[in-house]
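Hello,

Here is the structure I said I would pass on. Notes on its core and pockets follow below.

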Amino acid sequence: MAETTSAVRFEHHGDPDVLKMQDVELAPPTEGELQIQHEAIGVNYIDIYHRKGVYAPPLPLPAGLGMEGVGVVRAVGAGVDGFAVGDRVAYVGGPPDAYSQARNLPAARALKVPSDLTPELTAALIFKGLTVEYLIHRCRAISAGDTVLWHAAAGGVGTIACQWLSAKGVTVIGTASSAEKLEKAKVNGCTHPVNYRQTDFEACVEELTDGAGVDVVYDSVGADTFEKSLNCLRPRGTMVSFGEASGPVDPVAISTLGAKGSLYLTRPSIAHYTAQRSEYEAAAANLFQAIREGSVRAPEITTYALGDAAQAHTDMEARRTTGSVVLIP
């Protein structure tokens, strides 16, 4: 029998104030699904993109929001093996509906959470940690001795990346917007923090690498940084554009990549790097192991009530948050 739960919904794309708490009907899980009672919900920039309608095609409206969560299984649909009522699980991906007290989720997206990880910590790390995992291990395998430029080094993804890359012996040049954020990046392993508002990061990279350039640029900022980031790459370097917080990147002529040094350019998505269950589970195991070893540590976590999701989005877009943002139902 269906029941009622509270969830964040939006009826049209726009600013954060389009997000509204509503009572919605929640049916029993169907075949292949789990029903989860959320304990903590991760907030990510992809949620902002979905709210704005940036991705094409945009979500059909009205829509839910949120791509990751942590909770306890309270019902198991037919045909599901390996999960039982009472299991704590985390997930990344599936239909956007994490901003809710409870939801149904395809069991194929669920990952069992180790008992030594709390719900808040897991919500703070799972999406961002799996993002870093595929960016530095599979999108472009990074090794000791490499040098990378990482934009937004004090953000949720950047914080984890600085930690993990530092543990791997990688030199990280990281950009941030304030002295406070620069210090956070440094504490988390960023070798050379750069205030992009006060300093030309392209000139800094040239100086720090003696004109050689970096092996990889990881850019989630987009329009404001993309062109100069290409100039920071060494010949045959890789540009990883995985977000557009400052706006979409203008089209790039293929000939530009050749002229700047036979560069590689990729626009990856976590969906394509976790689509296969075996790859998804292996990535999670790699992340959980890095947490246990201390290569990835608990970030600063800013929590909001589920009903304050609009404020969480406002603060993230204004770059007032560092570390990870988590909603508590």
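Leaving aside its neighbours within four places in sequence, which residues is Leu 130 in contact with? Contact here means heavy atoms within 4.5 Å. The partners of Leu 130 are Val 92, Leu 111, Leu 125, Ile 270, Tyr 280, Ala 283, Ala 284 and Leu 287.

On the source: this is a predicted model, where local features need pLDDT of at least 70 and side-chain atom pairs count only at pLDDT 80 or more, while totals for chains, interfaces and linings use all residues. Residues are numbered from 1 along each chain as its sequence is written, and side-chain values use heavy atoms, with hydrogens and water left out.

Leu 130, Trp 150 and Tyr 218 have the most contacts inside the largest nonpolar core, which has 79 residues. A nonpolar core is a set of buried Ala, Val, Leu, Ile, Met, Phe, Trp, Tyr and Cys residues joined through side-chain atoms within 4.5 Å; buried means under 20% relative accessible area (1.4 Å probe, protein chains only). A second, separate core of 15 residues includes Cys 204, Val 217, Phe 226 and Met 239.

A pocket is an open set of points on a 1 Å grid over the protein atoms alone, where a 1.4 Å probe fits, with protein on both sides within 12 Å along at least five of seven lines; lining residues have an atom within 4 Å of a point. The largest pocket is lined by 48 residues, and Tyr 45, Ile 46, Val 157, Ser 220 and Phe 242 lie nearest its centre. Among the residues lining the second largest pocket are Phe 226, Glu 227 and Leu 230.

Regards

How values were computed. Buried < 20%, exposed > 50% of the residue type's maximum accessible area, 1.4 Å probe, protein only.
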